[in-house]
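Biologist: I am new to this structure. Could you take me through the terms used for it, and show what each one rests on?

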Amino acid sequence: MNNIEAVRPREAVRPRRFAIKRRGEITWLARREPCLIQNISRTGMFVICNYDWLVEGTVVEVNLELEPGSNFSCKLEIRY
């Protein structure tokens with residue numbers, strides 16, 4: 001390693017986000033509510049919904065249809 005490499009700061013690598021804009025459903029305990037998934041990446045997704053019971057730390061299940069006949073389901077922890 002030369003001196004130039006030692007001084008250069010490392011670049012932060014952010015996971016690529018894919019815009020999907022799909023209607024989905026959030027499930028938590030007995031509640032099932034509609035939502036809109038704006039984008040998705042390897043580490044998370046941006047979900048739009050308006051529910052005050054979704055507090056930080058809640059683990060919910062998200063279900064959506066990526067394309068006709070291709071369902072996607074995962075568990076997410078609400079971060080903010």
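Biologist: Why is phenylalanine 72 called partly exposed?

Modeller: Its relative accessibility is 27%. Buried means under 20% and exposed means over 50%, with partly exposed in between. Phenylalanine 72 therefore counts as partly exposed. Keep in mind that this is a predicted model.

Biologist: Where is phenylalanine 72 found, and what is it in contact with?

Modeller: Phenylalanine 72 is found in strand β5. Leaving aside neighbours within four places in sequence, it is in contact with Ile40, Met45, Val62, Asn63, Leu64 and Leu66. For one of these, Val62, the C-alpha to C-alpha distance is 8.1 Å, at 10 residues apart in sequence.

Biologist: How much of the protein counts as buried?

Modeller: Of its 80 residues, 25% count as buried. The protein exposes about 6,900 Å², and carbon and sulfur atoms supply 50% of that area.

Biologist: What makes a group of residues a nonpolar core?

Modeller: The members must be buried, of the listed nonpolar types, and joined through side-chain atoms within 4.5 Å. The largest such core here has 14 residues. Ile26, Ile37, Met45, Leu54, Val60, Val62 and Leu76 touch the most other members. Strands β1 (18-28), β2 (31-40), β4 (59-67) and β5 (70-77) each supply at least two residues of this core. In soluble globular proteins, nonpolar side chains tend to be buried together.

Biologist: Which residues does methionine 45 touch?

Modeller: Not counting residues up to four places away in sequence, methionine 45 touches Arg17, Ile37, Asn39, Ile40, Val62, Phe72, Cys74 and Leu76.

Biologist: Why is lysine 21 called exposed?

Modeller: The relative accessible area of lysine 21 is 56%. The cut-off for exposed is over 50%. So lysine 21 is exposed. It lies in strand β1.

Biologist: What is lysine 21 in contact with?

Modeller: With neighbours within four places in sequence left aside, lysine 21 is in contact with Leu36, Ile37 and Gln38. The C-alpha atoms of lysine 21 and asparagine 39 are separated by 6.5 Å, at 18 residues apart along the chain.

Biologist: And why is leucine 29 called exposed?

Modeller: Leucine 29 has a relative accessible area of 72%. Leucine 29 lies in the loop between β1 and β2. It has a positive phi of about 55° although it is not a glycine.

Biologist: Why is valine 47 partly exposed rather than buried?

Modeller: Its relative accessible area is 22%. Buried would need a value under 20%. Valine 47 is therefore partly exposed. Its place is in strand β3. Not counting residues up to four places away in sequence, valine 47 touches Ile26, Cys35, Leu36, Ile37 and Leu76.

Biologist: What about leucine 66: why is it partly exposed?

Modeller: Leucine 66 has a relative accessible area of 32%. That value falls between the 20% and 50% limits, so partly exposed is the label. Leucine 66 is found in strand β4. Leaving aside neighbours within four places in sequence, it is in contact with Arg22 and Phe72.

Biologist: Now the largest pocket. Which residues lie nearest its centre?

Modeller: Gly44, Met45, Phe46, Val47 and Arg79 do, out of 23 lining residues. β3 (45-48), β4 and β5 each give two or more residues to the lining. The largest share, four residues, comes from β5. About 720 Å³ of space lies in this pocket.

Biologist: How does the lining divide by class?

Modeller: It has 15 nonpolar, three polar and five charged residues.

Notes
Residues numbered from 1 in each chain as written. Predicted model: local features only at pLDDT ≥ 70, side-chain atom pairs only at ≥ 80, totals over all residues. Heavy atoms only, no water. Buried < 20%, exposed > 50% of the residue type's maximum accessible area, 1.4 Å probe, protein only. Areas by Shrake-Rupley, 256 points an atom, 1.4 Å probe, with all protein chains shown as cover. Contact = heavy atoms within 4.5 Å. 1 Å grid on protein atoms, 1.4 Å probe; cavity = no way out; pocket = protein on both sides within 12 Å on 5 of 7 lines; lining within 4 Å. Points joined across faces, edges and corners; volume = space filled by probe spheres on them. Nonpolar A, V, L, I, M, F, W, Y, C, P; charged D, E, K, R; others polar.
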